[in-house]
Amino acid sequence: MLGFGIPTCIVAASSLIGELGYPKERPILTSLFNVSYFIGELTAAGICFGTNSIASNWAWRTPSILQAVPSLVQISLVLFLPESPRWLISKDRHEEAHEILIKYHAEGDRDSEFVRAEMAQIRSTIQMEIEASKKSWLDLFSTSGMRRRVLLSTALGLFTQWSGNTLISYYLGKLLKMIGWKKATDIQKVNVGLSAWSLITAATAALLVTRFRRRVMYMTCALSLLCVYIGWTICMERTMTSDAAGHINHGSGIGVLFFIFAYKPAYNIG
Amino acid sequence: MWHRYNALTYTYLVELWPFTERSRGIAYFQLWGRLGNFFTTFINPIGLDNIKWRWLIFYCCWLGFEVVFIYFLFPETYGRTLEELAFSEYGLSCVAISTNNIQFSRTSKRLNGLSLLSRRLELAWTTTRRVSLPWLSILESGCRPHPNYECPNHHPSRRTTT
């Protein structure tokens, strides 16, 4: 039940940020949107770490109750959010859209040429889009351009989950046990370290999106992930083979840990 | 935990989908992301328990496939406004700027394929770091489809005129 609302929030929020953002800054804003996930992850990890030591049932009750806080903040602040100017224009509410653009893209300058041009561009584009759209899910398959986007979205969906990241996020403990790290606190420490490291690298990557082309970033991401995985596989094999032979290979164990950490910046670029 | 490719995912999705289909497109992406996540979560322990480190080889192969897929199929969306992107890959028409008017040039079949997706439109607003205003005012004064503007593929009967 808990997961029901999240996709809706993600779809609405990413679209709103993209459609409201100043063109020059839009890519950074939509990228930071995804990065902010790690802030939540770190906070959650910290809270759980703290409440672990509580002896009573409040050990699990406290984090569960605190989960409501971000939603309450969201519910109370959502009313103050400006609407997407593109949505307003699609509903023929041009005046309101113009006001929003003046306020957020021109610092209140009513004669801004930039905003007038933006209005013209958005109006003509959305008008033509609406004329072509049947407002149904079948639109996604109506033209070759659309089918191409569907293919790309499918690929992106799978790539974001099948790039080996779930191995680290869900089975880190299992992996570390395979290379001989058996203490629970050690695993927790690695986990927290990874979260913080992810936040740093992802935020850096998000601030770089206006400097590099998308294809360059995606290719760097996929190629470096491939290199990391090949290195990781080799270290893993060395460690487990020597383990089976009865002696411990410290070097390759550290190698595995290195590649787990090296994986994060590589993954976060894309 | 719900990790995804990080810096670019939503930037890219917002740029990929035009306004009318944006929410549907991102929702569709979410569907595949969740399915992919669901699947690997169950497969990973089976792989690790049974074939140990060899399970990582599966990901090496899959990542190799990703490299090839991205190289051949991912379009470049860098440095354009959402409106320019809507047309360049919409399968409707592409926007090209002429000296004193904006014109929606004819779409050729070629433009719907690979060449369009990686093609750079010669617009003044080519990089996000250098926004130049003159072409925007041109756009405002004469934003009309070109007389030769070709109709969308699925509306063969309708012809837009100025």
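Where is the place of R61(A) in chain A? R61(A) sits in helix α3 (residues 58-66) of chain A, helices here being DSSP runs of H or I with at least four residues, strands runs of E with at least two, both numbered from the N terminus. With 12 C-beta neighbours inside 10 Å, R61(A) counts as exposed; the label goes to residues with 12 or fewer other C-beta atoms within 10 Å of their own, while 20 or more makes a residue buried and anything in between partly exposed, with C-beta atoms placed from the backbone. Between R61(A) and L151(A) there are 90 residues in sequence and 43 Å in space, C-alpha to C-alpha.

A word on the model itself. This is a predicted model, in which local features need pLDDT of at least 70 and side-chain atom pairs count only at pLDDT 80 or more, whereas totals for chains, interfaces and linings use all residues. Residues are numbered from 1 along each chain as its sequence is written, and chains are lettered from A and ligands numbered from 1 in the order in which they are written.

Chain A comes out with 12 helices and 0 strands. Its radius of gyration is 24 Å, well over the 18 Å that the globule rule gives for 270 residues, so chain A is more spread out than a compact globule; the radius is taken over C-alpha atoms, and the rule is 2.2 Å times the number of residues to the power 0.38. Along the principal axes, the C-alpha atoms of chain A fill a box of roughly 75 × 50 × 35 Å. Buried residues account for 35% of the 270 in chain A. Of the contacts in chain A with a separation of 6 or more, 57% join residues 24 or more positions apart, a contact being two C-beta atoms, placed from the backbone, within 7 Å.

Now for the partner chain. Chain B splits into domain 1 (9-73) and domain 2 (77-162), with bounds from an automatic or database domain assignment. Contact between the two domains involves 5 residues of domain 1 and 5 residues of domain 2. On the domain 1 side, that makes 4 nonpolar, no polar and 1 charged residues; Ala, Val, Leu, Ile, Met, Phe, Trp, Tyr, Cys and Pro count as nonpolar, Asp, Glu, Lys and Arg as charged, and the others, Gly among them, as polar.

Between the chains, 80 residues of chain B are in contact with 88 residues of chain A. The biggest share on the chain B side comes from α2(B), with 19 residues. By class, that side has 45 nonpolar, 24 polar and 11 charged residues.

The axes of α8 (residues 144-162) of chain A and α1(B) come within 11 Å and cross at roughly 170°; axes are lines fitted to C-alpha atoms over the stretch in contact, with angles from 0 to 180 degrees between N-to-C directions. The pair is therefore roughly antiparallel, the term for angles over 145 degrees. R149(A), L152(A), S153(A), L156(A) and T160(A) of α8(A) meet T9(B), L13(B) and L16(B) of α1(B).

Phi of E107(A), a residue other than glycine, is positive, near 50°. E107(A) lies in the loop between α6 (94-105) and α7 (113-132) of chain A and is exposed, with 8 other C-beta atoms within 10 Å. K52(B) also has a positive phi near 50°. K52(B) is in the loop between α2 and α3 of chain B and, with 15 C-beta neighbours inside 10 Å, counts as partly exposed.

Conventions:
Angles under 35 degrees count as roughly parallel, over 145 as roughly antiparallel, 65 to 115 as roughly perpendicular and the rest as oblique.
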